[in-house]
Amino acid sequence: MLRTIITGLMLACISQSVMATPWEKVKNPSQGDSSSIGSYANGCLAGGERLPLQGDGYQVIRSERGRYYGNSEMIVFLQQLMKQSQQLKIGNVLVGDIAMPRGGRFSSGHASHQTGLDADIWLRIPEKPLSPQALKTVSALPMVDVKNYKIIEKNWSMKQAQLIQLAASDDRVSRIFVHPVIKQQLCKTQWKQRDWLRKVRPWFGHYYHFHVRLKCPKGSTTCKPQTPPPAGDGCGTELASWSPNYKVPVKIESVIKVKPKPKQVKVLPPMCTMVLKS
C-alpha cells in the first residue's frame, strides 16, 4: 500500500514537471531594471522584484508557489495599499498570486499575470496576522453564492467594499476584476464618489478574491496597454447582462453568414526569449 502511494506521488511530481512551462521552471528574476514586456496575457517580466512575504497590513499566502514577484510599480502599489488599509483598520490583507520570477505563461490557473502588473487579493480579511501554520492551511472565503447568484451576507461587509474602493481609486490601476454579483453589491452601495466603479469589471471566477491590474508604467516602451474601460460606472445594462436570468433583446435583422476568422496563435515578444535565457 505504502509503495503504491509513494509511486503515485512520484508520478504526480513527474507529470507536473513535464507539464510545467519554461517560465515555471525558473526560480530567480533576471538582472536589471524592472520592465513589463508584451501584454498582460502574452508577455514576461524583466528585473522582477520580490514582494516581502509579510509587511505592514498584509501577508503573502501560498508562498511556496513562488508567485510573489512583480514589476517594481506593482510592489510599491501593494505596499502602499496595505499601509492605507491598515490605517483605515480594514484588517490584515492576504495577497495571492502576482507573477512568477520572470513572468510568462502558466501551465494552468492563469491566462494573465504574465508581466508583473496583475495581482490577486483575497476577500477573506483576518483581523490579525495569521500564524505560519495558519498561512499554509487557510482557505478562501466565498463572497458569492454562485449557484443562486447572490451575495453571501454573512461573509460580505464594508471592509471588503472599502478595500476594493481603495484600490480602484488609485490612478495607477487600470482594472479590477470581481464576480458580477460583487460588482452588483458595490453598485448598490451609497458612495460619495462613484468614478472608481468604472474600473471594477465583472468577470466570473472572482468570487473569493479580486484581481488588480495596473496600467503600463509611465515611459514604458515594452508594455502593451489595454483599452480603457467604457465610460460610466458600469452598473446598468452591461452588468445586468451577466445575470443568468438576463434576456437578450430580440433584434430582427437579416442573417448574413460570416466565415469565422482562424484563431491567432500567440507569439511571445522576442525580448521575452532573452529574459528567459539570461
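The link of Cys 216 and Cys 223 is left-handed, with -70° about the S-S bond. This is a predicted model, so please take the geometry as that of a prediction. The sulfur atoms of Cys 216 and Cys 223 are 2.1 Å apart, and both of these cysteines are buried.

How many disulfides does the structure hold? There are three. Counting bonded cysteines along the chain, the pattern is 1-6, 2-5, 3-4.

Next, Cys 187 and Cys 235. Their disulfide has an S to S distance of 2.0 Å. About the S-S bond the value is -80°, and the link of Cys 187 and Cys 235 is left-handed. The pair ties together distant parts of the chain, 48 residues apart: Cys 187 sits in helix α6, residues 180-188, and Cys 235 in the loop between β13 and α7. Are the two ends buried or partly exposed? Cys 187 has 14% relative accessibility, so it counts as buried, under the 20% limit. Cys 235 is at 24%, so it counts as partly exposed.

The remaining pair is Cys 44 and Cys 272, joined at an S to S distance of 2.2 Å. This link is left-handed, with -95° about the S-S bond. Cys 44 is in strand β2, residues 42-46, and Cys 272 is in helix α8, residues 270-277; the pair links distant parts of the chain, 228 residues apart. With a relative accessible area of 0%, Cys 44 is buried. Cys 272 is buried too, at 1%.

Now the side chain I mentioned, Arg 213. Where is Arg 213 found? It is in strand β13, which covers residues 209-214. Its relative accessible area is 7%, and therefore Arg 213 is classed as buried.

Which side chains make polar contacts with the side chain of Arg 213? One is that of Asp 118, at 2.7 Å. Another is that of Gln 226, at 2.8 Å.

Leaving out residues up to four places away in sequence, Arg 213 touches Tyr 40, Ser 112, Leu 117, Asp 118, Val 173, Ser 174, Arg 175, Phe 177 and Gln 226.

To recap, the model is predicted, it holds three disulfides, and Arg 213 is buried in it. That is what I have.

Key. Residues numbered from 1 in each chain as written. Predicted model: local features only at pLDDT ≥ 70, side-chain atom pairs only at ≥ 80, totals over all residues. Heavy atoms only, no water. Helix = DSSP H or I, 4+ residues; strand = E, 2+ residues; numbered from the N terminus. Buried < 20%, exposed > 50% of the residue type's maximum accessible area, 1.4 Å probe, protein only. Polar contact = N/O pair within 3.5 Å; in protein donor to acceptor, adjacent residues only side chain to side chain. Contact = heavy atoms within 4.5 Å. Disulfide = S-S within 2.5 Å.
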